[in-house]
Amino acid sequence: MIEPANLASTPGLPKDRDGPVFAEPWQAEAFALTVKLHEAGHFAWAEWVSYLSREIASGAPADASHAETVYYLHWLAALERLVADKGLASAVALAKRKAEWHEAYEATAHGQPVVLGAKHHHDHDHHH
Amino acid sequence: MASHRHSDPPSDPALRVKALESLLTEKKLLEPAALDALIELFETKIGPRNGAKVVARAWTDPTYKKRLLSDATAAIAELGYSGMQGEDMVVVENTPAVHNLLVCTLCSCYPWPVLGLPPVWYKAAPYRSRAVIEPRAVLKEFGLELPESIEIRIWDSTAELRYMVLPERPAGTEDLKEDALAKLVTRDAMIGTAKVAGPSR
């Protein structure tokens, strides 16, 4: 699980008595991704902290209401940068994949599982 | 009847996280099962878990319950809970004759501002398809065996409509105050895969 020392050394981490807290599911996913990549040896926690700190110092993102959301927008930007710098996934590849997911949602009729590569074969006049 | 025909994409950051997750797991830099296991630990740590308080209020205040069942979005907002992103809430009531069960084929359709993070099984393909086809068998696997005489209603969430189950108030709780009642209400009871158990002591 997450080493308490790492949690303690992470600047500004929103948490309660039991550990980190999140405003939305994607924030927990971003957190878990980072912890698992670290555990798999892709980077040291201190290195992650330096990326996160730099991102936080760059100023608040414009569009966020919750404190947790502001924090995790920084977190996500820092993670994307670190992953690119480590050669795990480039910014271009990430942007492309994000667009593919967006398209997959647009192309999938509600009630069907969303999978990548879905084409617009759902008839748009069709009713549920 | 859903008014929209395709699935509304999640928010920008949610899509960026999906991009990271799918690329990194594809490259075998991450193991999906280990990732899910960690996320599961945070199930109860996401979003204000207000659903239980809504249920307890409905159990103790009949006029509130009436408002909740006729206009859940307004009744939930009345308690100061918001955070929904434009979608409407509908609360469906369990009775001795009817048991309600929620499902959604998309993980984004879950009323997390009232229920917290969706459990991993809720997002899993087997639950999504089998809850509709054989709800009785699915409920049995959750340890909830319902007699044939009880009607099971399935509510498929959409991007515009989110459901929550109002479970039955357990016997032996007549003396409990609202706060104590709220502590008995579990997430699974508000999804419909469990009933609310009475106080253990």
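**Notebook: salt bridges, a helix pair and a strand pair**

I began with K36(A), which forms a salt bridge with E39(A), the closest N and O atoms being 3.0 Å apart. The model I am reading is a predicted one. Both residues belong to helix α2 of chain A, where they are three residues apart and therefore separated by about one helical turn. K36(A) has 19% relative accessibility and counts as buried, because the limit for buried is under 20%. E39(A) is partly exposed, with a relative accessible area of 37%. I noted the general principle that side chains of opposite charge can pair when their charged atoms come close.

**Entry on H38(A)**

I stayed in helix α2 of chain A, which spans residues 25–39, and selected H38(A). Is H38(A) buried or exposed? H38(A) counts as buried, since its relative accessibility is 17%. Which residues does H38(A) touch, not counting those up to four places away in sequence? I found E3(A) and N6(A), together with F43(A), A44(A) and W45(A).

Next I looked up E100(A), which forms a salt bridge with K96(A). Their closest N and O atoms are 3.2 Å apart. The two residues lie in helix α5 of chain A, residues 91–107, and are four residues apart, so about one helical turn separates them. E100(A) is partly exposed, its relative accessible area being 27%. K96(A), at 54% relative accessibility, counts as exposed.

**Entry on a salt bridge in chain B**

I turned to chain B and examined E148(B) and R136(B), whose side chains meet in a salt bridge at 3.7 Å, N to O. Where do the two partners lie? E148(B) is in the loop between α9 (135–141) and β3 (151–156) of chain B, whereas R136(B) is in helix α9 of chain B. The pair therefore ties together parts that are 12 residues apart in sequence. E148(B) is exposed, with a relative accessible area of 65%, and R136(B) is partly exposed at 27% relative accessibility.

**Entry on a network and the total**

I also recorded a network of salt bridges that links E80(A), K98(A), D12(B) and R16(B). How many salt bridges are there over all chains? The count comes to 19.

**Entry on two helices of chain B**

I then compared two helices, bearing in mind that packed helices are described by the angle between their axes and the distance between the axes. In chain B, the axes of helix α3 (residues 51–60) and helix α4 (residues 62–70) come within 5 Å and cross at roughly 125°. The helices α3(B) and α4(B) are therefore oblique to each other. I listed the residues that meet: V54(B), R57(B), A58(B) and T60(B) are on the α3(B) side, while P62(B), Y64(B), K65(B) and L68(B) are on the α4(B) side. The residues of this contact divide into five nonpolar, one polar and two charged.

**Entry on two strands of chain B**

Last, I looked up strand β1 (residues 88–93) of chain B and its pairing with β4(B). How do these strands run, parallel or antiparallel? Strands β1 and β4(B) run parallel and are joined by six bridges. I traced one partner in particular: V91(B) has M164(B) in β4(B) as its bridge partner. Strand β4 of chain B, residues 161–166, is mostly covered, with five of its six residues buried.

How values were computed: Residues numbered from 1 in each chain as written. Chains lettered and ligands numbered in written order. Predicted model: local features only at pLDDT ≥ 70, side-chain atom pairs only at ≥ 80, totals over all residues. Heavy atoms only, no water. Buried < 20%, exposed > 50% of the residue type's maximum accessible area, 1.4 Å probe, protein only. Pairing = 2+ DSSP bridges. Contact = heavy atoms within 4.5 Å. Salt bridge = Lys/Arg side-chain N within 4 Å of Asp/Glu carboxyl O. Axes fitted to C-alpha atoms, helices over the stretch in contact; angles between N-to-C directions. Parallel < 35°, antiparallel > 145°, perpendicular 65-115°, else oblique. Nonpolar A, V, L, I, M, F, W, Y, C, P; charged D, E, K, R; others polar.
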